[in-house]
Amino acid sequence: MGRFVPPQDKLDFRELGQDRFQLLAPLWFESEVLKGLIVKAATGFIFDRESIPRWLPILYAWLAGTASRAGAIDDWITQTHKVGDRELTRRQGNAVYREAAQADGNGRAKRWAKWLGVTIGGRRSWANGPARFTLVGNERRKNRRDGGTR
């Protein structure tokens, strides 16, 4: 099982509006699925925690807020398609989300439901993820922090 890596294992964020949050500290997840690679979501990253549709109220009540750290890691992967310099497939990203949901304390049924949700409903999010990453300004923050240009 993967694990959130201390001291970057706490979800420290501020709310920007409905379903929009910003990391105030890095969040790291070491993935066994990716053979020990560490997903490093950066400070300033804009994410939506978990994209559970509100129009499914019973499912929403059961799942919402139960894997917020995993949701941030999934959003990072969905928007960058990378861990470090390694390109990821959507299938790998979904598998890491399932693994992170387990590290967040979700049992088998919840992990399966969450994985099924991103597998069935996440195609469009994966396709436009990199565009959303740039749109919310994360690319500028990342480049500035790494010594790049604005």
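This is a predicted model: local features need pLDDT of at least 70, side-chain atom pairs count only at pLDDT 80 or more; totals for chains, interfaces and linings use all residues.

User: In what order do the strands of the open sheet lie?

Analyst: The open sheet has three strands in the order β1-β4-β5, and their pairing is antiparallel. Strands β1 (3-4) and β5 each pair on one side only, and they are the edge strands.

User: Which strands does α2 touch where it packs on the sheet?

Analyst: Helix α2 touches β1, β4 and β5, and its direction makes about 90° with that of β5. Helix α3 also packs on the sheet, touching β1, β4 and β5, with its direction at about 105° to that of β4.

User: Which residues of the largest nonpolar core touch the most other members?

Analyst: This core has 26 residues, and those that touch the most other members are Leu27, Phe29, Val39, Ile73, Trp76, Ile77 and Val96. The elements that give two or more residues to the core are β3 (20-23), β4 (27-30), β5, α2 (68-80), α3 (90-103) and α5. Helix α2 gives the most, with five residues.

User: How should I read a pair of aromatic rings?

Analyst: A pair of aromatic rings is described by two values, the distance of the centres and the angle of the planes. The structure holds eight aromatic pairs. In the pair of Phe13 and Phe21, the ring centres are 5.2 Å apart and the planes stand at 90°, so the pair is edge-to-face.

User: Why does the pair of Phe45 and Phe133 count as tilted?

Analyst: The ring centres of Phe45 and Phe133 lie 6.1 Å apart and their planes are at 35°, so the pair is tilted. Phe45 lies in the loop between β5 (38-41) and β6 (46-47), whereas Phe133 lies in helix α5 (residues 123-135), so this pair ties together parts that are 88 residues apart in sequence. Both Phe45 and Phe133 are buried.

User: Which residues form one aromatic cluster?

Analyst: The cluster is formed by Phe13, Phe21, Phe45, Phe47, Trp76 and Phe133.

User: Where do charged side chains sit in relation to the rings of Phe4 and Trp28?

Analyst: The charged end of Arg69 sits over the ring of Phe4, at 3.9 Å from its centre. Lys40 lies over the face of Trp28, 4.4 Å from the ring centre.

User: As a last exercise, where is Arg98 placed, and which residues is Arg98 in contact with beyond its neighbours in sequence?

Analyst: Arg98 is in helix α3. With neighbours within four places in sequence left aside, Arg98 is in contact with Arg111, Trp112 and Trp115. The C-alpha atoms of Arg98 and Ala70 are separated by 8.0 Å, and these two residues are 28 residues apart along the chain. Arg98 counts as partly exposed because its relative accessibility is 30%.

Note on methods:
Residues are numbered from 1 along each chain as its sequence is written. Side-chain values use heavy atoms; hydrogens and water are left out. Rings of Phe, Tyr and Trp (its six-membered ring) pair if their centres lie within 6.5 Å; planes under 30 degrees apart count as stacked, over 60 as edge-to-face and the rest as tilted. Helices (H or I, at least four residues) and strands (E, at least two) are DSSP runs, numbered from the N terminus. Buried means under 20% relative accessible area, exposed over 50%, partly exposed in between (1.4 Å probe, protein chains only). A charge sits over a ring if NZ of Lys or CZ of Arg is within 6 Å of the ring centre and within 35 degrees of the ring normal. A nonpolar core is a set of buried Ala, Val, Leu, Ile, Met, Phe, Trp, Tyr and Cys residues joined through side-chain atoms within 4.5 Å. Two strands pair if DSSP finds at least two bridges between them. Contact means heavy atoms within 4.5 Å. Axes are lines fitted to C-alpha atoms, for helices over the stretch in contact, and angles run from 0 to 180 degrees between N-to-C directions.
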